[in-house]
Amino acid sequence: MAILVYAEHDNVSLKKATLNTIAAAKQMGDDIHVLVAGSGAQAVADEAAKAEGVTKVLLADNAAYDHQMAGNIALLVADIAGDYSHILTAATTTGKNFMPRVAALLDVSMLSEISGVVDAQTFERPIYAGNATATVKTSEAKVVLTVRTTAFDPVASEGGSATVETLDNVQETGKASFVSEEMAKSDRPELTSASIVVSGGRALANGENFTKYIEPLADKLGAAVGASRAAVDAGYVPNDMQVGQTGKIVAPDLYIAAGISGAIQHLAGMKDSKVIVAINNDPEAPIASVADYFLEADLFAALPELTSKV
Amino acid sequence: MKALVAVKRVIDYNVKVRVKADNSGVDLSNTKMSINPFDEIAVEEAVRLKEAGVIDEIIVASIGPKESQEQIRAALALGADRGVLVVSDEKPYPLQVAKILKSIAETEGTDIILLGKQAIDDDNNQTGQMLAALMGIGQGTFASEVKVEGDKVNVTREIDGGLQTVALALPAVITTDLRLNEPRYAKLPNIMKAKKKPLDEKTPADFGVDMTSKQEIIKVVPPADRKAGITVGSVDELVDKLRNEAKVI
């Protein structure tokens with residue numbers, strides 16, 4: 001049976017997370033269909049059809065799917081699930097929101113945020129905030145899961161030539177409706193997809209110092225800005241910048257942690273980064289145990305110098 | 001209006017977990033256990049809704065080992081009115097837990113069902129969504145703000161890149177994110193009073209739910225160690241290493 005990948009998009013373009021998810025799907029089987037559910041999302045479907053390894057694109061284009069409301073999307077996916085052995089999507093807030101509903105509608109258990117594929121029924125996933133990795137075998141006839149995208153290299157976005165088929169399946173629960181959306185405006189790359197992240201911790205001492213010391217370095221590197229929970233709790237920066245178990249999970253090429261001690265909850269959110277740099281005046285700080293490069297220095301002197309030299 | 005809050009007994013979030021030597025799981029013997037931090041936020045939100053006069057009664061439910069009654073008592077000390085403990089020796093998986101919660105919610109006729117967005121042990125982030133699907137009702141996951149208005153509730157949700165507000169018909173399921181509120185501490189007199197609050201003990205069989213899951217944990221291993229890093233002596237050396245050795249800038 002074929003594999004269904006649910007596409008992550010904003011009705012305009014396909015999100016890269018979908019390409020990572022297709023890469024994971026390829027380890028489970030060959031016949032990969034991508035479902036694009038949205039409103040005015042033809043361009044997204046055309047884009048998905050070009051992705052490497054995709055054999056068919058299904059486009060469900062209706063106002064009911066405009067804002068990716070979990071109830072409607074779940075009914076749609078469950079309705080077409082009969083044809084598929086595996087149903088997966090990226091472990092983004094959208095994927096996490098609707099996919100468990102799909103599993104419950106199909107009366108099957110589900111696997112969240114898989115980080116590895118052992119075989120088509122067996123998967124690896126982090127548990128306990130990444131402090132352990134579980135290998136889980138499922139005997140469900142239908143495998144429903146979300147994929148930790150940072151664990152899979154994306155497939156090529158060009159080269160494929162799948163057909164696009166239109167679905168006229170309209171599903172509405174009538175129990176939930178969209179009210180409004182308020183997206184954070186930032187010229188910097190998004191935290192979870194940035195290739196470089198510069199994060200500050202409690203040692204920054206206040207919000208102004210984030211602006212004065214962390215942001216110039218981030219801007220010079222084209223990096224996203226992150227923070228530890230201590231910095232968020234102290235009110236230096238908003239909560240959506242928090243990296244960690246209860247915040248965002250990142251795995252950039254370069255993660256620079258300035259003034260962050262490295263509590264386990266923080267490490268859970270960033271220790272899969274390719275290269276970790278820690279700038280800290282305490283060589284005993286736990287962050288030193290995961291850092292590839294540890295600079296023992298006062299960050300108020302080291303950060304401006306680093307900014308001027310990169 | 002009645003609220004149902006689900007709480008899970010998990011390893012305290014400050015404890016550094018150890019994987020068992022036989023790779024069968026994580027060693028939980030002699031470890032400090034607590035209410036899952038997101039569930040504590042759910043309890044707090046229910047208590048605030050009660051204080052605001054929106055909710056009259058808060059029922060707190062937990063499914064798990066008998067010791068989970070400690071977590072129910074803790075929630076009662078924070079302001080919940082009564083507890084339901086569903087004792088299960090089997091590891092509780094989200095689908096089975098959702099089925100039991102559905103049964104409780106429908107029997108009690110609860111209008112607002114609050115859960116944490118995820119438990120910090122299995123990191124699943126599934127139960128609330130599954131419950132909403134089984135009940136055929138709306139869900140407001142990763143909530144950072146909850147406003148009940150008449151027969152509906154407006155939930156502001158933390159999504160990638162910003163916030164989204166949805167309106168849900170009641171009854172509805174809400175799962176809490178970190179920003180929703182700051183849970184209070186239980187005061188000693190309330191801890192004493194909580195011991196006298198009613199706590200029903202049930203089994204999954206009472207709800208006709210079979211706890212066996214079609215998922216089997218083959219092994220649990222510690223995450224791969226990172227190779228030891230080096231200490232650099234200056235910013236110049238750091239820049240040089242990043243440029244020429246790691247090649248990341």
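This is a predicted model: local features need pLDDT of at least 70, side-chain atom pairs count only at pLDDT 80 or more; totals for chains, interfaces and linings use all residues.

Visitor: How many salt bridges does the rule find across the interface of chain B and chain A?

Guide: Three salt bridges turn up there. The interface also has 42 residue pairs in polar contact. On the chain B side, α3, α4, β12 and α6 are among the elements that each supply at least two residues touching chain A.

Visitor: How many residues does each chain bring to the contact?

Guide: Chain B brings 78 residues and chain A brings 76. Together the two chains bury about 6,500 Å², with 54% of it on carbon and sulfur atoms. Over in chain B, the residues losing the most area to chain A are D160(B), R226(B) and V235(B), which together make up 11% of what that side buries.

Visitor: Why is strand β9 of chain A called mostly covered?

Guide: A residue counts as buried at under 20% relative accessible area. In β9(A), residues 143-147, five of five residues are buried. You can go through the strand face by face: V143(A), L145(A) and V147(A) are buried on one side, V144(A) and T146(A) on the other.

Visitor: How do you know that β4 and β5 of chain A pair with β9(A)?

Guide: Pairing takes at least two bridges. Five join β4(A) to β9(A) and three join β5(A) to β9(A), so both count as pairs. Both pairings run parallel. As examples, L88(A) has L145(A) as its bridge partner, and I114(A) stands opposite V147(A).

Visitor: What makes the largest nonpolar core a core, and which residues have the most contacts inside it?

Guide: Its members are buried nonpolar residues joined through side-chain atoms within 4.5 Å. This core has 53 residues, and L35(A), V77(A), L101(B) and I113(B) have the most contacts inside it. Helix α3 of chain B gives the most to it, with seven residues. A second, separate core has 44 residues, including V5(A) and A48(A).

Visitor: Which residues is I113(B) in contact with, leaving aside its neighbours within four places in sequence?

Guide: Among them are L4(B), A105(B), L131(B), M135(B) and I137(B). In soluble globular proteins, nonpolar side chains tend to be buried together.

Note on methods: Residues are numbered from 1 along each chain as its sequence is written. Chains are lettered from A and ligands numbered from 1 in the order in which they are written. Side-chain values use heavy atoms; hydrogens and water are left out. Buried means under 20% relative accessible area, exposed over 50%, partly exposed in between (1.4 Å probe, protein chains only). Helices (H or I, at least four residues) and strands (E, at least two) are DSSP runs, numbered from the N terminus. Contact means heavy atoms within 4.5 Å. Buried area is the accessible area (1.4 Å probe) that two parts lose on being put together, summed over both. A salt bridge is a side-chain nitrogen of Lys or Arg within 4 Å of a carboxyl oxygen of Asp or Glu. A polar contact is a pair of N or O atoms within 3.5 Å; within protein, one must be able to donate a hydrogen and the other to accept it, and residues adjacent in sequence count only if both atoms are side-chain atoms.
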